[in-house]
Amino acid sequence: MVGQPLLEVQNLKLAFGGHLALADVSFELFPEEILGLIGPNGAGKTSVLNSITMFYHPQEGKISFKGKEITGLRPHQIARIGIARTFQHIELFSGLTVLQNLMVGRHVRMKSGPLASSLFFGKARREEIRHREMVEDIIDLLELEAIRDKLVGSLPYGQRKRVDLGRALAMEPELLLLDEPLAGMNVEEKEDMVRFIMDIFELKKVSVILVEHDMGVVMDIVNRLVVLDFGSKIAEGRPGEIKNNETVIRAYLGSSEA
Amino acid sequence: MAAPQTLPQFFLENCRRYGDRIAMREKDRGVWKRYTWRDYYERVKNLSLFLVKMGLGRGDKVAVIGENTPEIYWTEMAVQAAGGALVGIFSDCNPEEVKFFVNHADATFIFAHDQEQVDKVLEAKDDMPQLKKAVYWDPKGLWNYQDPLLISIEEALALGLSYSEEHPDYFEKLVSDGRADDIAVIIFTSGTTGRPKAAMISQAGLISSARGFSEVDGYGPQDNYLSFVPVAWITEQLLGVAGSILSGFVVNFPESAETVNENIRELGASILFFSPRQWESINRMIQSKILDTSWLKKKVYHFCLPVGLKVADLRLERKNIGTGLKFLHWLSQWLALRNLRDNLGLKFLRVGYTAGSAVSPDILRFFQAVGVNIKQIYGSSEMGLVTAHRDGEIRPETSGRPLPGVEVSLSEEGEILVKNPGMCVGYYKDDQAFARKFRDGWYCSGDYGYIDEEGHLIVVDRMDDLRSLGRGRKFSPQYPEVRLRFSPYIKEVLVVGDEKHNYPCCLVNIDLDNVGRWAETNRIAYTTLADLSQKPEVLELIRKEIWKINKTLPEEARLVKFLNMVKEFDADEAELTRTRKLRRSFLEERYRELIEALYSGQDELEVKTSIEYRDGRKGTMTRRVKICTI
């Protein structure tokens, strides 16, 4: 966990016209670490994720990944360098099957050009088989076998979130940004999802930034926490320290489920 | 070499004879992986030598807990090759139960499938000091586990391999030391009454019962069997394990519990075993899909099914089928029935078995009408296989005639008595209880029934479950229960009645999926099972279903009142056994208030039920339950 940070966010400022979404946010993420990003609704957590993936363009500030600056890159370039994310509202292709969606996630790793792929000889074919193997490993890890051939649009919410996670994994990321992966799930689904996240963390050794509201889960699984409120970082530290932090408790205004 | 008398000896013979033929398949990562008899041999040999090296002695027991995978079969052969016995534990047992089974059977090793099962073992490990090793085979989630008790199957096989290189023919010697009276498996009986008992079944017992099966329905190496019934169940031992070793058919393993039906279709399985619940749920699914489908499809189905039923009935009575009907039957097959079978994955099914608790004759007739060769068998962990339907004599009401070598008779009270050379040899550590089961050399099955003119056995109910109504009339609650479950809207039902009252009543668990769908079609809004079950429209729906069955019952056995339960009967709360049989006495005691209310003339009752959540927390739920007259 020590050594060079994997991700450095420095003095991030993001404004939409008059509204300041992020004001001078800075933090670091180290390799093989789960960082929790928490705060009341509207604090700017998703804005941070969107800034990292360059979906939003911060007015000020610098973001570096593995020592190199990535501010100013386009989202597809961010995907190529090893950063993947899940979406709060699940951005999957509802007309495609689970398997197809996961294969789409392999897109960044596909080397064969359009011509080679359409002719599908030798090298392209072997590559496709390798991708399929990788995707099947993910299906096995996330227990998606039974719904492999189902259209994503026909799946219940909890299963779609799992597929979204699988799609992000298919990109073989070094950094995984999870945007409220447990939202809208019942106790059993949450337990399964947490188990998957921990399995992924242990097996693939990815670093994770977890945006989540379920304090019980967050306190349990993260190594460190960054707390936002109204676009500013109000606290940073280990779960034990944050639990008793006055500023944090006040920010949540009595909803201290910690 | 002498003629084989143990399963491992038959196994070696198969490996020599079949070598490169496929013995098993497993669907892994979307692809069907194959194991030849040679592959099977290598793994069994290495696993067996590993166990011996770790201290497994002849007569020792090895427990297994997990979903059906090839590893379980390898383990069983490996253990038996070394002269040990396999103890199967149901995969949904909790750590307390695991501890009980392991300790009662004195198991010194346990094979636990994956993280879920390993966690249970580790939780109870301090109370199971005799365990030498816990072997797992699905490493997902176990990468960081450090416990010295654990070892992966990969490591175990590697250790066994190195041992086999040092002692080249040791495995063959182990196998040849096997005797017919070695205990092969320990099966814990279902425990509907009191704690489960450990029935010990010898090699000879397994082999003779498996032979019985083959004689009724000859199998061969070209047959495909899908293994998903737990090895803790006697049927999987007889049909799956012993059956595959004796007949050489291919054992296929599904990808996961949820994909079983899909896998059956992909394989074109030719031999299957489903419990009556599973056949019921297939039937229920068909019925509910028909309810949901277009007008045209409904009409076609309702035309073809009666034709199928008529033909099945005539065939049973060995009467001639007229040309007109033959044509209609051909048409029905072509229009609907054959596709229905294909859709269910049963197109290549040569024989489908059912057993375990009473089956509604309507279910048997239904599947025969659709063209599925479904047969009843009767037996138990203790008795082995007793009766089975032969081709051409599949009468829906009966369980068939006794197998060759098996004798069946009735006691004065109507209890079924059995003499079977293939039966179990005793209860482990409980000789007294076992001796109590015998009277004049006959084994008392505990089941009530009778034998008809053609020698077919009809099993009515457990002796202990028979109830008397007022005026001393005996009645069997299972009889109407089984028929009521034929309705797609009724998932589970408990029929009650005793001498204090003159008529039976029932407590119904509605089928949430099907009733929910019905409610949606009829624009009835609902939230939970508790809410849906008390809606007046739903009560009326269930009332009509019960009324339909009532008509077929003799007058004194007709149900008079019923109520819909606000929560389902649950095995985790010990209301059902792990094989989903009702634990009648327990339920009658637990819901005494409800039962009294049924007879008291009240219209409704406020109930507080205590619930146990999956993670062990407890809660209570208060609800008003309505009582209705049929």
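Here are a few friendly notes on this predicted model, with its sheet, its chain contacts and its domains taken in turn.

1. On conventions: residues are numbered from 1 along each chain as its sequence is written, and chains are lettered from A and ligands numbered from 1 in the order in which they are written. Because the model is predicted, local features need pLDDT of at least 70 and side-chain atom pairs count only at pLDDT 80 or more, while totals for chains, interfaces and linings use all residues.

2. Chain A holds an open, mixed sheet of six strands, ordered β6-β7-β8-β3-β9-β10. Helices (H or I, at least four residues) and strands (E, at least two) are DSSP runs, numbered from the N terminus, and two strands pair if DSSP finds at least two bridges between them. At the edges stand β6 (83–85) and β10 (232–237) of chain A, each with a single partner strand, so one side of each has no neighbour in the sheet.

3. Within that sheet, β3 (residues 34–38) and β9 (residues 224–229) of chain A pair in the parallel sense over four bridges. A:Leu37 stands opposite A:Val226 in β9(A).

4. Between the chains, 11 residues of chain A are in contact with 11 residues of chain B (C-beta atoms, placed from the backbone, within 7 Å). On the chain A side, α5 (122–141) and α7 (187–204) are the elements that give two or more residues.

5. Chain B is divided into domain 1 (7–203) and domain 2 (466–629), with bounds from an automatic or database domain assignment. Taken over C-alpha atoms, the centres of these two domains of chain B are separated by 41 Å.

Notes. Two residues are in contact if their C-beta atoms, placed from the backbone, lie within 7 Å.
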